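Hi,

Here is the structure I promised to pass on. My notes on it follow below.

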Amino acid sequence: MKVSVTTIPLDELDIDLLLVPVAEGAVEATLKALSEQFGEIVQRTAADFTGAQDELIWLYPESGRARRLALVGMGPADRVDLERLRRVAARGAELARERKVVTAAIVRPQTSIDPESASQALVEGFMLAAYRFTRYKTDTSDLREIERLVIHETGEDEKASRRGAERGRIIAECVMTARDLVNLSPDEKTPTKLARLIEQSAKKYGYEADVWDKALIEEEGMGGLLAVNRGSPEPPTFTVLTWHPENALNERPVVLVGKGVVFDTGGLSLKPTKDSMDYMKSDMAGAAAVVGAMEALARLKIPLYVVGLIPATDNRPGENAYVPGEVIRMHSGKTVEVLNTDAEGRLILADALSYARTYRPILVIDLATLTGAQIIALGTEAAAVMTNNVEGAEERLQAIVAAGERSGDRVHPLPMYDEYAKLLESDVADLKNIGGREAGSITAAKFLEHFVDYPWIHIDMAGPAFLKEPKPYRPKGGTGFGVRLLVEFLRDFASPRRFSS
């Protein structure tokens, strides 16, 4: 989709659909101004339009070049934030798809939000709502793609609006990369094929990707990744992604770790099919988020040294599959008693987190569709976030939560009390891989904590990563959750002054 910003008079916009967001209290002035450009039909709608949130009125103007106008209510002006703008723009994309229009424009509303951030939010909301995954559709003749989006801006804010619109376009496209990876059929994203797709992304966008084969993984001693892979006919991979621009502000990297279980049957602790295994092509959504974020960092030229680590395998009940009761020696040297082979994600993440130590990172963030308990606790609206209790813990949590609120990829903290670690004590090994029914998301994080000795943030995104029913600008299937969160957080990390904004 082409995205642009214009300051030409509204009635000169040659567009199929013009979306006009209107807040409560601004209706009269907005409609009066519009009627001067599109005819009295606009003014006559005043009696039927209040600007209430999600209120919609269609207009077919008497003059001007726009073929349709849609007035969309934003609700009270003092409650209009970035997420409200994304959702208004998403409503516009839905309207455009319903009418099968090719070109659309959005009037940036005058709010307390700065023009750059507002334009970014509008573009993100519109593009992400317009996304459709059609790779496996044999007949797409009834689908008409929206080819162009225009943000209408006042002259004095044009440059800022252009910056925001361009950033919004790039970030939305990187979210779509993650969505596409999650939505791919499992046979098209085996560990080796996923690694090749990452290599293609790296070559296209200018970051590096180094793929380890099974021999290198064995040499490195990644016992968790190798154990999970034993039931699979496909070998594992471990992919190292690197973005290291010449103007990087940090000498030691930020490391992103993404869970890459390309399909999860549960292994010998087999999952039920309905509403469980049938969605497990999404179990690599953490890896997809890291790929999307690395693309965005390179395309936006963020001045940070960032490394991505993606351990990839599937989890199948093959003839050599690891079994409950087995003890695994991990990359760190610690031993783990396996009591449930469906708690596999933490095993491959633990090896990656242990390997991350070699970089002496200033911060590590892992993302994973790790526990069903996260969905019970927070549903699909927010991911769970946890951090280790070392220096800067409170600041890290505040920063990632704030980044989530601004980006729309919301996260909510869960506690990491020492008492939860007792649930992982094993009679025969250093620890066991499950902690029981209570506090499942927290005990999974406490398991991972055994393998870190640096500042660390853990994001359990099982709920928001893959939806069974659509939400505003989030489709059924892969949502690309985590990409916008990471980009917003890392932009802050590159500009610490923004933490207080």
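Aromatic rings first: there are nine aromatic pairs in the structure. Two rings of Phe, Tyr or Trp (its six-membered ring) pair if their centres lie within 6.5 Å; planes under 30 degrees apart count as stacked, over 60 as edge-to-face and the rest as tilted. Phe133 and Tyr136 are an edge-to-face pair, because their ring centres are 5.7 Å apart and their planes meet at 65°. Before I go on: this is a predicted model, so local features need pLDDT of at least 70 and side-chain atom pairs count only at pLDDT 80 or more, while totals for chains, interfaces and linings use all residues. Residues are numbered from 1 along each chain as its sequence is written, and side-chain values use heavy atoms, with hydrogens and water left out.

(Buried means under 20% relative accessible area, exposed over 50%, and partly exposed in between, with a 1.4 Å probe and protein chains only.)

Another edge-to-face pair is Phe238 with Tyr355, at 5.6 Å centre to centre and 85° between the planes. This one joins distant parts of the chain: Phe238 belongs to strand E8 (residues 237–243) and Tyr355 to helix H10 (residues 345–356), 117 residues apart. Helices (H or I, at least four residues) and strands (E, at least two) are DSSP runs, numbered from the N terminus. Phe238 and Tyr355 are both buried, and together with Trp212 and Tyr359 they form one aromatic cluster.

Strand E8 also holds Thr237, which counts as buried at 5% relative accessibility. A polar atom of the Thr237 side chain lies 3.3 Å from the backbone oxygen of Pro191.

Two charges sit over rings as well. That label applies if NZ of Lys or CZ of Arg is within 6 Å of the ring centre and within 35 degrees of the ring normal. The charged end of Arg179 is over the ring of Tyr131, 5.0 Å from its centre, and Lys334 lies over the face of Phe451, 6.0 Å from the ring centre.

On a 1 Å grid over the protein atoms alone, a cavity is a set of points where a 1.4 Å probe fits but cannot get out, a pocket is an open set with protein on both sides within 12 Å along at least five of seven lines, and lining residues have an atom within 4 Å of a point. Points are joined across faces, edges and corners, and a volume is the space filled by probe spheres set on them.

The largest pocket has a volume of about 1000 Å³. It is lined by 34 residues, and the closest to its centre are Lys271, Leu370, Thr371, Gly372 and Ala373. Helix H11 (372–378), helix H13 (440–449) and strand E19 (466–467) each give two or more residues to this lining, with the largest share, four residues, coming from H11.

There are two cavities of 30 Å³ or more. The largest cavity has a volume of about 40 Å³, and its lining includes Arg179, Asp409 and Arg484. The second largest cavity also holds about 40 Å³, and Arg86, Glu124 and Arg484 are among the residues that line it.

Cheers

How values were computed. A polar contact is a pair of N or O atoms within 3.5 Å; within protein, one must be able to donate a hydrogen and the other to accept it, and residues adjacent in sequence count only if both atoms are side-chain atoms.
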